[in-house]
Amino acid sequence: MTATPDAKPLKGLFIRTYGCQMNVYDSERIRDVLKPLGYAPVDAPEGADLVVINTCHIREKATEKVYSELGKLKQMKLASGGKMTIAVAGCVAQAEGAEIIRRQPAVDLVLGPQAYHKLPEMIARASRAVGDRLETEFDTVEKFDALPKTRDPDGPAAFVSVQEGCDKFCTFCVVPYTRGAEMSRNVDDIVLEIRDLAAKGVREVTLLGQNVNAFHGPAPRLEGGADWTLGQLVRHIAKIGGIERIRYTTSHPRDMDDDLIAAHGDTPAMMPFLHLPVQSGSDRILKAMNRGHTADEYRDIIARVRKARPDIAIASDFIVGFPGESDADFEATMQLVRDIGFAVAYSFKYSSRPGTPAAEMHGHLSEAVKDERLQALQALLRDQQTAFNEAQIGKTLPVLVTGKGRNPGQMHGRSPYLQALHFDGTDALLNTLVDVKITSASLNSVTGERVRAHEPTA
Ligand code: SF4
């Protein structure tokens with residue numbers, strides 16, 4: 001990149017992000033960590049000074065995709081005369097760090113999810129060609145402490161990391177191996193960060209963690225200093241001026257305690273949306289997955305949440321074709337879906353992750369069976385999602401306006417139920433809450449007409 005007169009020369013930073021919201025958040029924090037070093041985001045890897053591939057280990061062929069992308073970057077690095085620095089971050093980096101360096105020597109740095117705060121130091125080492133190119137130690141406390149406490153939000157909604165890691169060890173999942181043990185962030189730091197975001201115009205925060213409702217953060221300066229639960233944290237954040245909407249993701253059924261469920265009913269800022277992955281409706285498969293609950297226990301949690309907040313939208317995740325899944329097991333999943341009625345859900349075919357217990361299990365199913373089951377499940381989930389969206393027609397919903405719509409004169413935002421929503425309006429509405437009457441709905445979005453500026457009810 002070129003320098004403007006009298007400005008500090010900027011270095012181009014390109015980050016490619018794969019995977020979950022945690023990775024999206026981590027990429028934002030990587031950008032924040034590198035900003036003081038003069039790195040500014042660019043839209044393409046060609047010509048960038050630093051390219052970070054933030055990887056995900058969850059999906060099939062994730063590792064091959066990383067190597068294929070690194071092959072292309074190697075050519076760009078050669079074309080740049082070796083000036084491009086290539087870093088691999090995220091869960092594939094954590095799981096296969098040494099192997100990445102061995103297989104693709106063009107890679108300068110490999111760092112696991114707990115090491116982003118060390119990136120400036122690693123870049124300095126790489127530029128001098130000294131020291132280790134690999135940082136995959138688990139130290140979540142150090143990471144939470146070292147990341148910048150303030151940042152510039154991209155709009156009126158922001159993710160805030162409150163928890164990382166997982167101790168649940170579901171038999172299909174690599175997260176406990178790549179992200180480390182469950183660890184909660186200090187409440188005082190979370191509150192400071194959210195106050196700063198609110199002062200910069202953020203109206204909605206999504207509290208983020210792999211097992212976010214297992215949160216048990218220490219609160220040294222607040223109300224006795226004992227560890228807080230997520231319910232306590234949510235109630236406290238709701239009192240921060242400017243914050244009108246609170247969400248959290250991703251949660252585990254085993255950690256849905258009574259206080260958190262009650263907060264859905266008595267805390268107006270808590271949005272009526274709960275993403276609670278269930279994965280299967282068969283007790284036999286849930287046990288093989290080591291989920292630690294039954295299908296009926298899941299039904300009971302949803303019933304209690306709906307009692308606290310009757311209009312709540314329920315979202316979930318499903319894996320079909322887990323090893324040993326019979327027709328009856330799959331039918332139990334379909335029945336659970338019929339019983340609950342999901343507003344939105346994410347469903348995938350089981351795929352083996354090396355090193356996980358499920359990869360070693362007997363009874364792996366053919367791709368044809370997995371495909372057939374996935375199609376049946378997704379057809380049912382699509383019908384439910386469309387029905388949920390259509391049920392909003394005629395209602396007036398408060399919408400947080402986050403950007404321009406696709407068509408001229410159209411604005412885009414999200415409803416309390418996290419639906420994508422379009423309506424006719426002007427840029428002046430950006431970053432505000434407006435009331436929109438829903439006039440039509442489809443599978444993926446709803447459309448409406450602006451009624452008036454939103455008047456907070458609490
Ligand atoms: S709860 Fe299970 S699926 Fe979720 S991160 Fe932990 S091990 Fe993975």
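Reader: Let's start with phenylalanine 14. Which strand is it found in?

Author: Phenylalanine 14 sits in strand β1, which covers residues 11-17. Keep in mind that this is a predicted model.

Reader: Is phenylalanine 14 buried or exposed?

Author: Phenylalanine 14 is buried: 21 other C-beta atoms lie within 10 Å, and the cut-off for buried is 20 or more.

Reader: Which residues is it in contact with, leaving aside its neighbours within four places in sequence?

Author: Phenylalanine 14 is then in contact with Val42, Ala44, Pro45, Ala48 and Val51.

Reader: And how far is it from arginine 31?

Author: Their C-alpha atoms are separated by 9.2 Å, with phenylalanine 14 and arginine 31 being 17 residues apart along the chain.

Reader: OK, on to helices. Where does α3 bend?

Author: Helix α3, residues 90-103, bends at glutamate 96, by about 90°.

Reader: Which residues of α3 are buried?

Author: Glu96, where the helix bends, is one of the buried residues.

Reader: What about α8 and α9, how do their axes cross?

Author: The axes of α8 (residues 230-237) and α9 (residues 258-266) cross at roughly 30° and come within 8 Å. Angles under 35 degrees count as roughly parallel, so α8 and α9 are roughly parallel to each other.

Reader: Which residues meet there?

Author: From α8 you have Leu230, Gly231, Val234 and Arg235, and they meet Asp259, Leu260 and Ala263 of α9. By class, that contact has four nonpolar residues, one polar and two charged.

Reader: Leu230 and Val234 are both in that α8 list. Why do residues four places apart point the same way in an α-helix?

Author: An α-helix has 3.6 residues a turn, so residues three or four places apart point the same way.

Reader: Now α11 and α12. What's the crossing angle of their axes?

Author: Roughly 10°, with the axes of α11 (residues 295-308) and α12 (residues 327-340) coming within 11 Å. That makes α11 and α12 roughly parallel to each other.

Reader: Which residues meet in that pair?

Author: Ala295, Arg299 and Ile302 in α11 meet Ala332, Leu336, Asp339 and Ile340 in α12. Five residues of this contact are nonpolar and two are charged, with no polar ones.

Methods:
Residues are numbered from 1 along each chain as its sequence is written. This is a predicted model: local features need pLDDT of at least 70, side-chain atom pairs count only at pLDDT 80 or more; totals for chains, interfaces and linings use all residues. Axes are lines fitted to C-alpha atoms, for helices over the stretch in contact, and angles run from 0 to 180 degrees between N-to-C directions. Helices (H or I, at least four residues) and strands (E, at least two) are DSSP runs, numbered from the N terminus. Angles under 35 degrees count as roughly parallel, over 145 as roughly antiparallel, 65 to 115 as roughly perpendicular and the rest as oblique. Two residues are in contact if their C-beta atoms, placed from the backbone, lie within 7 Å. Ala, Val, Leu, Ile, Met, Phe, Trp, Tyr, Cys and Pro count as nonpolar, Asp, Glu, Lys and Arg as charged, and the others, Gly among them, as polar. The bend at a residue is the angle between axes fitted to the seven residues ending there and the seven starting there. A residue is buried if 20 or more other C-beta atoms lie within 10 Å of its own, exposed if 12 or fewer, and partly exposed in between; C-beta atoms are placed from the backbone.
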